[in-house]
Amino acid sequence: MMRGIDLKSGEVAGQVISTAFQRGLIVETAGPKDEVVKCLPPLVIEEDQLSQGLDILEDAVCSVIGSTMSTAG
């Protein structure tokens with residue numbers, strides 16, 4: 001199972017994976033400009049672990065995009 005989230009910016013995607021890693025989740029970038037955050041959970045993952053990982057990823061994306069929006073405006 002693999003899923004990617006196109007963030008349109010390698011810089012933003014890099015910040016997201018760094019933030020997620022600090023919070024205990026390993027994800028990586030992909031795409032020609034490293035603009036995609038790629039998730040590769042194991043096929044035997046428990047539902048609660050998957051939910052926890054998705055929560056971490058969501059928080060990381062919101063944190064980075066929120067800080068990017070506030071510095072741009």
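This note sets out numbered points on the predicted model shown above.

1. Basis of the model. The structure is a predicted model in which local features need pLDDT of at least 70 and side-chain atom pairs count only at pLDDT 80 or more, while totals for chains, interfaces and linings use all residues. Residues are numbered from 1 along each chain as its sequence is written, and side-chain values use heavy atoms, with hydrogens and water left out.

2. Confidence. The average pLDDT (the predictor's confidence in each residue, from 0 to 100) is 92 for the protein, and 92% of the residues score at least 70. Helix H1 (residues 10–22) has the highest confidence, with a mean of 97, and H2 has the lowest, with a mean of 87. Helices (H or I, at least four residues) and strands (E, at least two) are DSSP runs, numbered from the N terminus.

3. Sheet. Three strands make up an open sheet with antiparallel pairing, in the order E1-E3-E2; two strands pair if DSSP finds at least two bridges between them. Strand E1 (3–6) and strand E2 (28–30) are the edge strands, each pairing on one side only. From one strand to the next, the twist averages 35 degrees. For such angles, axes are lines fitted to C-alpha atoms, for helices over the stretch in contact, and angles run from 0 to 180 degrees between N-to-C directions.

4. Pairing of E1 with E3. Four bridges connect E1 to strand E3 (residues 36–39) in the antiparallel sense. Arg3 has Cys39 in E3 as its bridge partner, and Ile5 has Val37 in E3.

5. Faces of E3. In a regular strand the side chains alternate between the two faces of the sheet. From E3, Val36 and Lys38 point one way and Val37 and Cys39 the other way; all are buried. Buried means under 20% relative accessible area, exposed means over 50%, and partly exposed lies in between (1.4 Å probe, protein chains only).

6. Pairing of E2 with E3. E2 and E3 run antiparallel and are joined by three bridges. Glu28 stands opposite Lys38 in E3. The hairpin of these two strands has five residues between them, and in this hairpin Gly31 takes a positive phi near 100 degrees. Asp34 lies in the loop between E2 and E3 and also has a positive phi, about 55 degrees, although it is not a glycine. Asp34 is counted as partly exposed because its relative accessibility is 39%.

7. Side chains of opposite charge can pair when their charged atoms come close. The whole structure holds two salt bridges, a salt bridge being a side-chain nitrogen of Lys or Arg within 4 Å of a carboxyl oxygen of Asp or Glu. One of them joins the side chains of Lys38 and Glu28 at 2.8 Å, N to O. Lys38 lies in strand E3 and Glu28 in strand E2, so this pair ties together parts that are ten residues apart in sequence. Lys38 is buried, with a relative accessible area of 19%, whereas Glu28 is partly exposed at 36%.

8. Salt bridge at Lys8. The side chains of Asp6 and Lys8 also meet in a salt bridge, at 3.3 Å, N to O. Asp6 counts as partly exposed because its relative accessibility is 40%, and Lys8 counts as exposed at 69%. Lys8 is placed in the loop between E1 and H1. Its phi is near 65 degrees, a positive value in a residue other than glycine.

9. Nonpolar surface patch. Met1, Leu43 and Val44 form a nonpolar patch on the surface, and together they have about 390 Å² of accessible area. Patches are made of residues with over 30% relative accessible area and no salt bridge; like charges are joined within 9 Å and nonpolar side chains (Val, Leu, Ile, Met, Phe, Trp, Tyr) within 5 Å. Accessible areas come from the Shrake-Rupley method with a 1.4 Å probe, and for residues only the protein chains shown count as cover. Leu43 is in the loop between E3 and helix H2 (47–72) and counts as exposed because its relative accessibility is 71%.

10. Leu57 in H2. Leu57 is found in helix H2 and is buried, with a relative accessible area of 6%. Leu57 and Phe21 are separated by 36 residues in sequence, and the distance in space is 9.3 Å, C-alpha to C-alpha.
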